[in-house]
Amino acid sequence: MTAAPERTHDASASQLARLRSWLLDRVTQGLETDGGQPTPDTVRQHLAKAFDESGAALSDGLKAQLSSELLDSLLGYGPIQPLLDDPTVSEIMINRHDRVFIERQGRLEQSAIRFPDDEALVRLIDRIILPLGRRIDADNPTVDARLPDGSRVNAVIPPVALDGPSLTIRKFAKERLTMDNLVEFGSINNHMASFLEACVVSRLNLVVSGGTGSGKTTLLNILSALIPEGERLVTIEDSAELQLHHQNIVRLETKPANVDGTGEVPIRHLLKNSLRMRPDRIVVGEVRGGEAVDMLQAMNTGHDGSLTTVHANSPRDAASRLETLCLLSGVELPLRVVREQIASAVDVIIQQSRMRDGTRKVTSITEVLGMEGDTIVMSELFRFDETGIGQDGMVTGGHKSTGIRPMFGPRLEAAGFQLGAEVFGAESMTYRPAKGNRR
């Protein structure tokens with residue numbers, strides 16, 4: 001048994017570190033003796049006993065602080081638990097154990113939170129990934145994972161991380177966002193919201209395009225929630241992030257390779273398997289490889305109304321990106337055939353962007369019309385016109401319909417949607433975006 005740290009009334013930083021470590025060991029030993037799943041009550045009981053055994057004379061404030069830190073370490077996620085509990089923090093970036101940055105209201109700032117050392121940070125990473133059956137070590141120094149609430153996690157450790165372990169967490173909002181929230185934030189306007197809802201219900205194939213951190217997955221989640229309850233969904237993701245509450249849903253997640261390099265289950269395998277599961281809709285979190293071919297095939301063979309996302313900076317770039325991904329599939333297809341598949345499968349490309357002020361907006365909704373020669377023909381239906389930067393640093397501008405009606409209008413009408421001239425009329429709607437959109 002480790003000896004209790006020296007009794008002290010005015011503890012130094014090193015003494016507090018030793019006390020914290022000793023308390024953690026004592027409580028952990030007690031919990032292991034009890035067996036079973038630790039609860040807040042059992043942890044507090046063992047913690048009170050450990051404080052008595054230590055003989056440390058601490059002020060009530062310092063004792064409460066240590067108790068809170070140890071509870072977070074044993075039941076939560078250590079020093080970053082307060083950041084995870086803070087709804088204003090949207091991203092946590094740990095560059096190394098003593099350098100933590102956060103994104104709050106769209107702005108980056110450095111946090112005062114620190115980890116004691118690299119080992120403490122690695123222990124946190126292991127706590128996150130082990131329940132998911134994933135691993136990280138010198139041979140596999142990177143990992144993608146998720147928290148129980150769907151928040152996205154990426155971790156990198158030496159030897160590829162030169163300054164020590166690094167951890168990035170992109171948090172999901174505690175409350176599910178809806179189309180009304182996007183309108184309130186200024187991400188879209190009411191006409192665009194009505195149009196997108198009509199597209200989803202009418203079983204059009206949608207691709208959400210955007211850069212890293214632009215809000216693609218959030219928008220995909222909102223669109224997926226509009227799918228009627230009477231349909232069967234299959235979702236396929238690298239790390240399960242979609243938060244859908246449909247009753248008839250099957251959620252699939254990829255599996256990394258085992259230690260011996262076998263047993264990997266990629267998105268492409270899950271996508272092919274999903275076709276045998278009688279899905280009405282297939283929702284793929286992101287296409288980033290050869291699975292693009294299978295996704296387009298599914299969209300073209302009866303699984304209309306499917307949704308996915310792709311990394312690209314514009315609708316035209318999204319089509320080019322899909323071309324490239326199809327060519328990476330290993331299937332020898334002429335470029336024209338690939339373009340015909342894209343033009344036939346995809347109905348609408350929704351461009352999501354992160355603006356200079358940290359806000360996220362839908363900057364374009366574009367219809368894919370078909371082929372003209374060797375070129376995919378597109379028609380922009382809605383766009384965001386930026387007019388400048390206000391005195392408060394916020395982007396100003398408005399969403400605008402281009403005045404063009406979509407060629408698939410009859411499909412919307414057949415599904416019961418009568419979108420009048422006010423939706424597609426070329427009139428701009430300006431606003432001052434809400435700060436809540438900086439999440």
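Which residues do ring pairs link into a cluster? In this predicted model, in which local features need pLDDT of at least 70, side-chain atom pairs count only at pLDDT 80 or more, and totals for chains, interfaces and linings use all residues, the cluster consists of Phe195, Phe382, Phe408 and Phe424. Residues are numbered from 1 along each chain as its sequence is written, and side-chain values use heavy atoms, with hydrogens and water left out.

A search of the whole structure finds four aromatic pairs, a pair being two rings of Phe, Tyr or Trp (its six-membered ring) with centres within 6.5 Å, called stacked if the planes are under 30 degrees apart, edge-to-face if over 60 and tilted otherwise. Phe195 and Phe382 form a tilted pair, with 5.4 Å from centre to centre and 50 degrees between the planes. This pair links distant parts of the chain, since Phe195 lies in helix 7 (residues 190–201) and Phe382 in strand 14 (residues 375–389), 187 residues apart; helices (H or I, at least four residues) and strands (E, at least two) are DSSP runs, numbered from the N terminus.

Phe195 counts as buried because its relative accessibility is 0%, where buried means under 20% relative accessible area, exposed over 50% and partly exposed in between (1.4 Å probe, protein chains only). Phe382, at 1% relative accessibility, is likewise buried. The ring centres of Phe382 and Phe424 are 6.1 Å apart and their planes stand at 40 degrees, so this pair is tilted. Here strand 14, with Phe382, is linked to helix 14 (residues 421–424), with Phe424, across 42 residues. Phe424 has a relative accessibility of 4% and therefore counts as buried.
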